[in-house]
Amino acid sequence: MDFDFSAILLALTVLFGVVWGLDRLLFYKRRKARFAASNEEYRDPAAVDWARSLFPVIFVVLLLRSFVAEPFRIPSGSMMPTLDVGDFILVNKFAYGLRLPAFNNKVVGNGEPKRGDVVVFRFPGYICQNDNGKTVRSGDITCADPHAPVVSQNWIKRVIGMPGDTLEVHDSQIVINGKPVVDTELGPFKGNPARQEDNELLYYNASIWSEQLGPVNHLIARMPARGPTPPIPNARVPSVVPPNCYIVMGDDRENSEDSRWWGCLPEENLVGKAFMIWFSWKGWGTGTVDFHRVGTVIH
């Protein structure tokens, strides 16, 4: 999505807190005395009453979303078959440290991503060079405008390369520190042709594979007929992963705009670790609620 809900929650929390606090500090006693003197039943002004009622609710929601768990909806098929379009997931917000809401500055360290983790992050933009030859992040994939604003969106991918790793990627073939990633073909993709995201995989004769990334065994989709993807290393991604940066890729390997396209993921852009599907909606006429996916732990 293109708006920051955490920033909205923070702004509302501050607004309602200031209205309620200033009223209690400056106006409450005089207003209460005036009502008592006229022998009327006391009541707060409408704005103060709304602020007093909503402040604690929004404050608790802000705390839970910022420091415990935050819900997200999967909008695209780049993480299929692990995550499907219409999956609603929960993201652990303290897995990689506590960060200030809206600003995303880390205030407490609490672990780092591990290979194979499924991470939510703020899209960092495409690595480009400005007119002075300095490396910048741009919203323009072509780098024709290196100063184009980067959209404010949360993305989700899987961690493949860790800081300091030597990495080679050719389509779905991954070599990490000289060792090929172990994968096994399981069979053709089976889906519902009426669903757009399934139909693409079926059209390109996708196959499902089991992939082992360290301790994490998970599924990926391959469809070589869809066309080649950028290799690693390339102009935006060196063979050695830079410090405080991660190489991330989607599980639908030929249908994912990821580090291969825009560069490594800076640590400061991390939001949290996806850990569970709490609801799954396939759409009217194409499956509605998928109860088999509800409660699935994300690997």
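**Entry 1: the disulfides**

I started at Cys128 and Cys143, which form a disulfide with their sulfur atoms 2.0 Å apart; a disulfide here is a pair of cysteine sulfur atoms within 2.5 Å. Cys128 lies in strand S6 (residues 126-129) and Cys143 in the loop between strand S7 (135-138) and strand S8 (154-161), so the bond ties together parts 15 residues apart in sequence. For my own reference, helices (H or I, at least four residues) and strands (E, at least two) are DSSP runs, numbered from the N terminus.

Before going further, I noted that this is a predicted model, where local features need pLDDT of at least 70, side-chain atom pairs count only at pLDDT 80 or more, and totals for chains, interfaces and linings use all residues. Residues are numbered from 1 along each chain as its sequence is written, and side-chain values use heavy atoms, with hydrogens and water left out.

Which hand does the disulfide of Cys128 and Cys143 have? I read a torsion of about -80 degrees about the S-S bond of Cys128 and Cys143, so this disulfide is left-handed. I then checked burial, where buried means under 20% relative accessible area, exposed over 50%, and partly exposed in between (1.4 Å probe, protein chains only). Cys128 is buried at 2% relative accessible area, while Cys143 is partly exposed at 22%.

The torsion about the S-S bond of Cys245 and Cys264 is about 65 degrees, so the disulfide is right-handed. Cys245 counts as buried at 7% relative accessibility, and Cys264 is buried with a relative accessible area of 7%. Counting bonded cysteines along the chain, I get the pattern 1-2, 3-4 for the disulfides.

Most residues other than glycine have a negative phi, and most peptide bonds are trans. With that in mind, I looked for exceptions.

Cys143 turned up again: its phi is near 65 degrees, a positive value in a residue other than glycine. Asn177 also has a positive phi, near 50 degrees. I found Asn177 in the loop between strand S10 (173-176) and strand S11 (179-180), where it is partly exposed with a relative accessible area of 42%.

Next came the cis peptide bonds. One joins Met80 and Pro81, with omega at about 5 degrees, and Pro81 is in the loop between S1 and strand S2 (87-92). Another joins Ile232 and Pro233, with omega at about 10 degrees. Pro233 sits in the loop between strand S14 (216-222) and S15.

**Entry 2: helix H2**

I checked the record here: an unreviewed UniProt entry lists residues 50-68 as "transmembrane region". UniProt positions are in the numbering used here, feature names are shortened, and annotations may be inferred rather than shown by experiment. In the model, the span 50-68 is 95% helix and 0% strand, and its end C-alpha atoms lie 26 Å apart.

How far does H2 reach from its first C-alpha to its last? H2 has 22 residues and reaches 32 Å, close to the 32 Å expected at 1.5 Å a residue (the expected span is 1.5 Å times one less than the number of residues). Even so, H2 bends by about 35 degrees at Leu54, and Pro56 follows within four residues. The bend at a residue is the angle between axes fitted to the seven residues ending there and the seven starting there.

I listed the buried residues of H2 as Val48, Ala51, Ile58, Leu62, Arg65 and Ser66. What covers them includes helix H1 (5-37), strand S1 (69-73) and strand S3 (98-99).

Is Ser66 buried or exposed? Ser66 is buried, with a relative accessible area of 4%.

Leaving out residues up to four places away in sequence, Ser66 touches Lys93, Arg99 and Pro101; contact means heavy atoms within 4.5 Å. Ser66 and Lys93 are 27 residues apart in sequence, yet 6.4 Å apart in space, C-alpha to C-alpha.

I also looked within the helix. A polar atom of the Ser66 side chain lies 2.7 Å from the backbone oxygen of Leu62. An α-helix has 3.6 residues a turn, so residues three or four places apart point the same way.

Terms used. Polar contact = N/O pair within 3.5 Å; in protein donor to acceptor, adjacent residues only side chain to side chain.
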